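Here's a quick walk through one protein model, written for someone who likes cut-offs spelled out. Have a look at the structure first.

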Amino acid sequence: MRPTQPLYRRLRRLALTTKQVNGGFYKGTGSGSMGRHTKHGDYVIEWHKVRTYVVPPELKGFKLTPFVTRNMEPLKGNFEGDKKGGLSGQRYFDRWKRENGVD
């Protein structure tokens, strides 16, 4: 079964995947290298390859805000009556049994 001509044209414009080409194709993550490996197994950072982001100085009165509020306080877990506190798995199992039933 083959796709119709208009659908096939649309498929050709999409980015290649590793399944569509031969074995030597490696897509990568786009992160790039920041250095090189030495023959002794070390990694040397080449500082001319490191990305630096310079914040413009006129951002003091900038109207946009970050996605996360700066006013949120850290949440503390409530583990009353549990000796191990957050490290105990008993609360997880109790909730699982409540929501999913007993196997």
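What follows covers the overall fold, the salt bridges, an aromatic pair and the surface.

This is a predicted model, so local features need pLDDT of at least 70, side-chain atom pairs count only at pLDDT 80 or more, and totals for chains, interfaces and linings use all residues. Residues are numbered from 1 along each chain as its sequence is written, and side-chain values use heavy atoms, with hydrogens and water left out.

**Overall picture**

The protein chain has 2 helices and 2 strands, in the order α-β-β-α along the sequence. Helices (H or I, at least four residues) and strands (E, at least two) are DSSP runs, numbered from the N terminus. Take the contacts (heavy atoms within 4.5 Å) between residues at least 6 apart in sequence: 0% of them join residues at least 24 apart.

**Salt bridges**

The whole structure holds 3 salt bridges, each being a side-chain nitrogen of Lys or Arg within 4 Å of a carboxyl oxygen of Asp or Glu.

| Pair | N to O distance |
|---|---|
| Arg 36 and Glu 46 | 3.0 Å |
| Glu 46 and Lys 49 | 3.3 Å |
| Arg 95 and Glu 99 | 2.8 Å |

Arg 36, Glu 46 and Lys 49 are linked in a network of salt bridges. Arg 36 sits in strand E1 (residues 35-37) and Glu 46 in the loop between E2 and H2, so their pairing ties together parts 10 residues apart in sequence. Arg 95 and Glu 99 are both in helix H2, 4 residues apart, about one turn of the helix.

**Rings and surface**

There's 1 aromatic pair: Tyr 92 and Phe 93 sit edge-to-face, 5.7 Å centre to centre with 65° between the planes. The rule pairs rings of Phe, Tyr and Trp (its six-membered ring) if their centres lie within 6.5 Å; planes under 30 degrees apart count as stacked, over 60 as edge-to-face and the rest as tilted.

Val 55, Leu 59, Phe 62 and Leu 64 make a nonpolar surface patch of about 420 Å². Patch residues have over 30% relative accessible area and no salt bridge; like charges are joined within 9 Å, nonpolar side chains (Val, Leu, Ile, Met, Phe, Trp, Tyr) within 5 Å. Phe 62 lies in the loop between strand E2 (43-45) and helix H2 (90-100).

How values were computed:
Accessible areas come from the Shrake-Rupley method with a 1.4 Å probe; for residues, only the protein chains shown count as cover.
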